[in-house]
Amino acid sequence: MKDVSDNIIIEASEGSIESFESIYNAYSFFVYNVAFRVVHNIDEAQEVTQEVFLTVYRKLKSFKFKSSFKTWIYRITVNLAINYAKKRAKEQKRTVEYDDKKESNKAIDSIGENIEREQQEKVIATLLESLNPDQRACVVLRSIEGLSYQEIAESLNININTVRSRLKRARETLLVLRKEMVQNEL
Amino acid sequence: MNCEKVKELIITDYLDRQVNEEQKEQIEKHLASCRHCKEYELAARKTVIDLFNNAERLRPPEAVWHKIKEKIEEEQELTSPFADLIRRIKSFLYVPKPALAVATIIVALLIMVTIIKLPSENQEIMKANLENQENQIECITYLLRVFNQDSMNENNGFGTSIEDYFL
């Protein structure tokens, strides 16, 4: 993920749409993918992405360059996505709309590869769905987005040992569920 | 290092490459001699690392940026000095909504009362006119009767031939 310069941030905070677009271009992939994996729905991932960037825009003036801009965006994203997922979890369960609405940035694969990829995505979706939003966020940030334990701790505003214990519990759950899935397939 | 501790490290720090060299050596030494932990490590690597490493990354649709841009521009318009001036003028001319509602109700009531009242007033006027007309007829009838009586009483006549002719 490319980072943005302080000048871009300052210009955006002064109202430059072009500079804000640079910020969007730098972080929208991360925001959108984290949102999608945490809220588990394309439409809601788009809503969360919009909300994240509008929050970033509104709070840009109050951003002090003491902390990392990247971590600041991570925190806003994760907080909004987790809140959204928790709110939605209270409502009825939703189906994954991955099949219908996905927009891949990769080249069109062969049919065989596509089927394999779709199956893999279904497995990932089922596994992530079995976790609570806090655990899900940890797994997404670590295993999909590749953040370090320290970055996850800063993004979620929690202790690094809490990150470790959440990952441990989440992954133990995933291992059990995956084993059951494999046994059912056989 | 026992199996429980090794498994705990495998599923977190070891697979995430967060262990130091010393820990790494100890874990790998254990794995070389413990088939059960080695199987656990392979299963964990496959499920919690490799599977998610291959997860597809999605591109946010263009519409997302357009909506964000639109909202930002709306907000910028609202916070511009010109918009601020308009807001001040509006606040100067501001009529509180409840007051406006009350005023609307009063005007509506006045209109309704006027519409309902007019026909009854017309009826009263017509009634008065009718009474006047009746009075006038009565008056004329009375006068005619009196005149006729006088005429009868004065039946003496003038004794002229014209009078005879007409009577």
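These legends describe close-up views of a predicted model. Residues are numbered from 1 along each chain as its sequence is written, while chains are lettered from A and ligands numbered from 1 in the order in which they are written. In this predicted model, local features need pLDDT of at least 70 and side-chain atom pairs count only at pLDDT 80 or more, whereas totals for chains, interfaces and linings use all residues.

**View 1. Helices α2 and α4 of chain A.** Helix α2 of chain A spans residues 17-39 and helix α4 of chain A spans residues 69-90; helices (H or I, at least four residues) and strands (E, at least two) are DSSP runs, numbered from the N terminus. Their axes come within 9 Å and cross at roughly 25°. That makes α2(A) roughly parallel to α4(A). Axes are lines fitted to C-alpha atoms, for helices over the stretch in contact, and angles run from 0 to 180 degrees between N-to-C directions. Angles under 35 degrees count as roughly parallel, over 145 as roughly antiparallel, 65 to 115 as roughly perpendicular and the rest as oblique. On the α2(A) side, the residues that meet α4(A) are A:Y27, A:V31, A:V34, A:A35, A:V38 and A:V39. Their partners in α4(A) include A:I73, A:T77, A:A81 and A:R88. Two residues are in contact if their C-beta atoms, placed from the backbone, lie within 7 Å. The residues of this contact of α2(A) with α4(A) divide into twelve nonpolar, one polar and one charged. Ala, Val, Leu, Ile, Met, Phe, Trp, Tyr, Cys and Pro count as nonpolar, Asp, Glu, Lys and Arg as charged, and the others, Gly among them, as polar.

View 2. A:A81 lies in helix α4 of chain A. It is buried, with 28 other C-beta atoms within 10 Å; a residue is buried if 20 or more other C-beta atoms lie within 10 Å of its own, exposed if 12 or fewer, and partly exposed in between, with C-beta atoms placed from the backbone. Leaving aside neighbours within four places in sequence, A:A81 is in contact with A:V34, A:A35, A:V38, A:V39, A:V48 and A:A137. The C-alpha atoms of A:A81 and A:E44 are separated by 9.2 Å, and these residues are 37 apart along the chain. The largest nonpolar core has 65 residues, and A:A81 is among those with the most contacts inside it. A nonpolar core is a set of buried Ala, Val, Leu, Ile, Met, Phe, Trp, Tyr and Cys residues joined through C-beta atoms within 7 Å. α2(A) gives the most to this core, with twelve residues.

**View 3. The contact between chain A and chain B.** This contact takes 36 residues from chain A and 28 residues from chain B. In chain A, α2, α3 (42-59), α6 (111-129), α7 (133-144) and α9 (160-185) each supply at least two residues of the side that touches chain B. That side of chain A has 16 nonpolar, ten polar and ten charged residues.

**View 4. Helices α1 and α2 of chain B.** Chain B has seven helices and zero strands. The axes of α1 (residues 3-14) and α2 (residues 21-33) of chain B come within 11 Å and cross at roughly 125°. α1(B) and α2(B) are therefore oblique to each other. In α1(B), B:V6, B:L9, B:I10 and B:Y14 meet B:Q23, B:I27 and B:H30 in α2(B). The residues of this contact of α1(B) with α2(B) divide into five nonpolar, two polar and no charged.
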